[in-house]
Amino acid sequence: MFYNSQNFKQTRSRRIITAALCISLASQVNFQLFSHGFIISLAPLIMSVFLYFNTDLHPIKLMLSISIASPFFRGLLLAISNENNQNAILTFILADIAFYFVYSILYYFLYWQSESTTNSFFLLTIIICDYFSNIVETGILVYWKGLLITAIDYSKSYF
(Lines give C-alpha, C1' and ligand atoms only; values in the text may rest on other atoms or scores of the structure.)
Protein backbone atom coordinates (compact mmCIF):
# COMPACT_ATOMS: atom_id res chain seq x y z
CA MET A 1 0.00 0.00 0.00
CA PHE A 2 1.27 3.47 -0.86
CA TYR A 3 1.27 6.26 1.68
CA ASN A 4 1.46 9.94 1.00
CA SER A 5 4.33 11.61 2.82
CA GLN A 6 2.16 13.46 5.34
CA ASN A 7 0.37 10.27 6.38
CA PHE A 8 3.67 8.43 6.68
CA LYS A 9 5.13 11.18 8.90
CA GLN A 10 2.02 11.06 11.09
CA THR A 11 2.30 7.32 11.54
CA ARG A 12 5.96 7.70 12.46
CA SER A 13 5.06 10.37 15.01
CA ARG A 14 2.31 8.19 16.43
CA ARG A 15 4.66 5.21 16.70
CA ILE A 16 7.25 7.36 18.48
CA ILE A 17 4.64 8.71 20.92
CA THR A 18 3.20 5.23 21.47
CA ALA A 19 6.66 3.79 22.10
CA ALA A 20 7.57 6.62 24.46
CA LEU A 21 4.41 6.11 26.49
CA CYS A 22 4.68 2.30 26.58
CA ILE A 23 8.36 2.29 27.48
CA SER A 24 7.87 5.03 30.07
CA LEU A 25 5.04 3.14 31.73
CA ALA A 26 7.01 -0.13 31.57
CA SER A 27 9.92 1.56 33.30
CA GLN A 28 7.68 2.30 36.28
CA VAL A 29 7.38 -1.43 36.99
CA ASN A 30 10.78 -1.99 38.51
CA PHE A 31 12.86 -3.00 41.49
CA GLN A 32 15.86 -1.29 43.04
CA LEU A 33 19.32 -2.76 42.94
CA PHE A 34 22.88 -1.62 43.73
CA SER A 35 22.24 2.01 44.73
CA HIS A 36 19.28 4.09 45.86
CA GLY A 37 17.41 5.25 42.78
CA PHE A 38 19.01 2.79 40.35
CA ILE A 39 16.18 0.64 39.07
CA ILE A 40 15.94 -2.51 37.00
CA SER A 41 12.95 -2.55 34.65
CA LEU A 42 11.69 -4.05 31.41
CA ALA A 43 11.98 -0.71 29.60
CA PRO A 44 15.38 -1.37 27.95
CA LEU A 45 14.16 -4.74 26.71
CA ILE A 46 10.98 -3.26 25.27
CA MET A 47 12.98 -0.37 23.84
CA SER A 48 15.36 -2.78 22.12
CA VAL A 49 12.50 -4.76 20.62
CA PHE A 50 10.91 -1.55 19.39
CA LEU A 51 14.19 -0.39 17.82
CA TYR A 52 14.63 -3.77 16.14
CA PHE A 53 11.20 -3.77 14.52
CA ASN A 54 11.06 -0.05 13.64
CA THR A 55 14.24 0.53 11.70
CA ASP A 56 12.70 3.46 9.82
CA LEU A 57 12.51 5.57 12.99
CA HIS A 58 15.46 7.75 13.86
CA PRO A 59 16.78 6.43 17.21
CA ILE A 60 17.71 9.83 18.63
CA LYS A 61 14.19 11.20 18.00
CA LEU A 62 12.73 8.11 19.62
CA MET A 63 15.03 8.28 22.65
CA LEU A 64 14.46 12.01 23.01
CA SER A 65 10.73 11.38 23.35
CA ILE A 66 11.36 8.55 25.82
CA SER A 67 13.79 10.71 27.81
CA ILE A 68 11.01 13.27 28.23
CA ALA A 69 8.16 10.87 29.02
CA SER A 70 9.93 8.41 31.32
CA PRO A 71 11.41 10.96 33.76
CA PHE A 72 8.07 12.76 33.82
CA PHE A 73 6.26 9.63 35.03
CA ARG A 74 9.08 8.70 37.40
CA GLY A 75 9.26 12.19 38.88
CA LEU A 76 5.50 12.31 39.26
CA LEU A 77 5.42 8.96 41.09
CA LEU A 78 8.34 9.96 43.33
CA ALA A 79 6.68 13.29 44.15
CA ILE A 80 3.36 11.60 44.94
CA SER A 81 4.99 8.99 47.16
CA ASN A 82 6.70 11.71 49.23
CA GLU A 83 9.59 9.35 49.96
CA ASN A 84 12.26 11.65 48.57
CA ASN A 85 13.13 15.31 48.77
CA GLN A 86 13.20 17.54 45.69
CA ASN A 87 16.96 17.23 45.21
CA ALA A 88 16.78 13.43 45.22
CA ILE A 89 13.87 13.47 42.75
CA LEU A 90 15.81 15.81 40.46
CA THR A 91 18.87 13.54 40.66
CA PHE A 92 16.74 10.50 39.74
CA ILE A 93 15.18 12.38 36.83
CA LEU A 94 18.57 13.55 35.52
CA ALA A 95 19.96 10.03 35.80
CA ASP A 96 16.97 8.71 33.85
CA ILE A 97 17.45 11.32 31.12
CA ALA A 98 21.19 10.56 30.97
CA PHE A 99 20.47 6.83 30.56
CA TYR A 100 18.32 7.38 27.48
CA PHE A 101 20.62 10.06 26.08
CA VAL A 102 23.73 7.87 26.31
CA TYR A 103 21.82 4.86 24.99
CA SER A 104 20.58 6.78 21.96
CA ILE A 105 23.94 8.30 21.07
CA LEU A 106 25.72 4.96 21.34
CA TYR A 107 23.01 3.15 19.40
CA TYR A 108 23.06 5.80 16.70
CA PHE A 109 26.81 5.60 16.14
CA LEU A 110 27.27 1.87 16.70
CA TYR A 111 24.27 0.44 14.84
CA TRP A 112 22.26 3.06 12.98
CA GLN A 113 25.30 4.38 11.08
CA SER A 114 26.79 0.92 10.58
CA GLU A 115 26.82 -1.07 7.38
CA SER A 116 26.32 -4.28 9.34
CA THR A 117 22.76 -4.98 10.44
CA THR A 118 22.99 -8.60 11.49
CA ASN A 119 21.07 -9.89 14.48
CA SER A 120 24.32 -10.67 16.31
CA PHE A 121 25.58 -7.15 15.79
CA PHE A 122 22.25 -5.74 16.98
CA LEU A 123 22.45 -7.83 20.16
CA LEU A 124 26.03 -6.74 20.79
CA THR A 125 25.03 -3.11 20.22
CA ILE A 126 22.15 -3.14 22.69
CA ILE A 127 24.33 -4.87 25.31
CA ILE A 128 27.01 -2.19 24.92
CA CYS A 129 24.41 0.60 24.96
CA ASP A 130 22.73 -0.77 28.08
CA TYR A 131 26.03 -1.36 29.86
CA PHE A 132 27.45 2.13 29.32
CA SER A 133 24.09 3.81 29.93
CA ASN A 134 23.83 2.01 33.27
CA ILE A 135 27.35 3.12 34.21
CA VAL A 136 26.45 6.74 33.51
CA GLU A 137 23.13 6.46 35.35
CA THR A 138 24.76 4.86 38.39
CA GLY A 139 27.56 7.42 38.29
CA ILE A 140 25.06 10.25 38.45
CA LEU A 141 23.15 8.60 41.30
CA VAL A 142 26.27 8.13 43.43
CA TYR A 143 27.77 11.44 42.28
CA TRP A 144 30.67 9.47 40.70
CA LYS A 145 32.15 8.79 44.15
CA GLY A 146 32.10 5.05 44.76
CA LEU A 147 32.10 4.22 41.07
CA LEU A 148 35.49 5.78 40.38
CA ILE A 149 37.05 4.36 43.51
CA THR A 150 35.91 0.87 42.55
CA ALA A 151 37.30 1.29 39.03
CA ILE A 152 40.67 2.51 40.37
CA ASP A 153 40.90 -0.32 42.93
CA TYR A 154 39.96 -2.88 40.29
CA SER A 155 42.64 -1.61 37.89
CA LYS A 156 45.31 -1.75 40.63
CA SER A 157 44.71 -5.46 41.09
CA TYR A 158 46.13 -6.14 37.62
CA PHE A 159 49.31 -4.09 38.02
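**Ground rules.** I am working from a predicted model, where local features need pLDDT of at least 70, side-chain atom pairs count only at pLDDT 80 or more, and totals for chains, interfaces and linings use all residues. Residues are numbered from 1 along each chain as its sequence is written, and side-chain values use heavy atoms, with hydrogens and water left out.

**Salt bridges.** I looked for salt bridges (a side-chain nitrogen of Lys or Arg within 4 Å of a carboxyl oxygen of Asp or Glu) and the structure holds two. Asp 56 pairs with Arg 12, with the closest N and O atoms 3.4 Å apart. Asp 56 sits in the loop between α2 and α3 and Arg 12 in helix α1 (residues 5-26), so this pair ties together parts 44 residues apart in sequence. I noted that helices here are DSSP runs (H or I, at least four residues), numbered from the N terminus.

Asp 56 also forms a salt bridge with Arg 15, and there the closest N and O atoms are 2.6 Å apart. That pair links distant parts of the chain too, since Arg 15 is in helix α1, 41 residues from Asp 56. Together, Arg 12, Arg 15 and Asp 56 make a network of salt bridges.

Next I checked cover: buried means under 20% relative accessible area, exposed over 50%, partly exposed in between (1.4 Å probe, protein chains only). Asp 56 is partly exposed at 30%, Arg 12 is partly exposed at 30%, and Arg 15 is partly exposed at 24%.

**Tyr 52.** I found Tyr 52 in helix α2 (residues 43-53). Its relative accessibility is 34%, so I put Tyr 52 down as partly exposed.

**Helix α3.** How far apart are the end C-alpha atoms of helix α3 (residues 59-81)? They are 32 Å apart, which agrees with the 33 Å that its 23 residues should span at 1.5 Å a residue. The expected span is 1.5 Å times one less than the number of residues. The buried residues of α3 include Pro 59, Leu 62, Ile 66, Ala 69 and Leu 78.

**Val 102.** My last stop was Val 102, in helix α4 (residues 86-112). Val 102 is buried, with a relative accessible area of 18%. Leaving aside neighbours within four places in sequence, Val 102 is in contact (heavy atoms within 4.5 Å) with Phe 132, Ser 133 and Val 136. Val 102 and Ile 60 are 42 residues apart in sequence and 9.9 Å apart in space, C-alpha to C-alpha.

How values were computed
Helix = DSSP H or I, 4+ residues; strand = E, 2+ residues; numbered from the N terminus.
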